[in-house]
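Colleague: I have a new model open and would like to learn how to read its side chains. Could you take me through it, feature by feature?

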Amino acid sequence: MARRRRGGSGNESEGDDVNLTPMLDVVFILLIFFIVTAKFISEPGVEISRQDVDNDERVTPLAILVAIDENGDIYIDDKLIEPNEVEFTIREMRKGNAKGELVLQADNKAPAGAMVGFLETIRDLENVTRVNVSTEQD
């Protein structure tokens, strides 16, 4: 019967290795978490100069962002949308995000007619009871 020596002999046993598999699993789970959450943080696609207000009400991060720039162009999900395609685009986005609220970001210099036209277009959409207007907070 041979005994193994635990001391400093040159022969290391297989149990002495550090198992990195659990650490790699945790790293991959964290990576997946950050990728998935980054997907839900959306930007309007254009730089918008908004009004300053003192308002503490916040909207859920799963909102559908609509931006109207100073030229009156409408952007949804980083894409320039023609006014006649707005209703269809929002219907399609609501299929994947039924509880997401609609958030409108209009530039200070945007024509009022563009915002009114947008609101009239979505007025008859199903399950859209209110539109939040995004502003700068003091």
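**Reading the contacts and the core**

Modeller: Let's begin with threonine 89, whose side chain reaches the backbone oxygen of glutamate 85 at 2.8 Å. A polar contact is a pair of N or O atoms within 3.5 Å; within protein, one must be able to donate a hydrogen and the other to accept it, and residues adjacent in sequence count only if both atoms are side-chain atoms. Keep in mind that this is a predicted model: local features need pLDDT of at least 70, side-chain atom pairs count only at pLDDT 80 or more, and totals for chains, interfaces and linings use all residues. Residues are numbered from 1 along each chain as its sequence is written, and side-chain values use heavy atoms, with hydrogens and water left out.

Colleague: Is threonine 89 buried or exposed?

Modeller: Buried means under 20% relative accessible area, exposed over 50%, and partly exposed in between (1.4 Å probe, protein chains only). Threonine 89 has 16% relative accessibility, so it counts as buried. Its place is in helix α2; helices (H or I, at least four residues) and strands (E, at least two) are DSSP runs, numbered from the N terminus. Leaving aside neighbours within four places in sequence, threonine 89 is in contact with Ile76 and Ile81, where contact means heavy atoms within 4.5 Å.

Colleague: How many salt bridges does the structure hold?

Modeller: A salt bridge is a side-chain nitrogen of Lys or Arg within 4 Å of a carboxyl oxygen of Asp or Glu. The structure holds 1, and it joins the side chains of arginine 91 and glutamate 87 (2.7 Å, N to O). Arginine 91 is partly exposed at 37% relative accessibility, and glutamate 87 is partly exposed at 28%.

Colleague: Which residues of helix α3 are buried?

Modeller: In α3 (residues 112-122) they are Ala114, Phe118 and Ile122. They lie on the same side of α3 because they cover an arc of only 55° around the axis, the arc being that of the directions from the helix axis to the C-beta atoms. The face turned away from that side carries the exposed residues Ala112 and Gly113.

Colleague: Which residues have the most contacts inside the largest nonpolar core?

Modeller: Such a core is a set of buried Ala, Val, Leu, Ile, Met, Phe, Trp, Tyr and Cys residues joined through side-chain atoms within 4.5 Å. The largest has 16 residues, and Ile68, Ile90 and Phe118 have the most contacts inside it. Two or more residues come from each of β2, β3, α2, β5 and α3.
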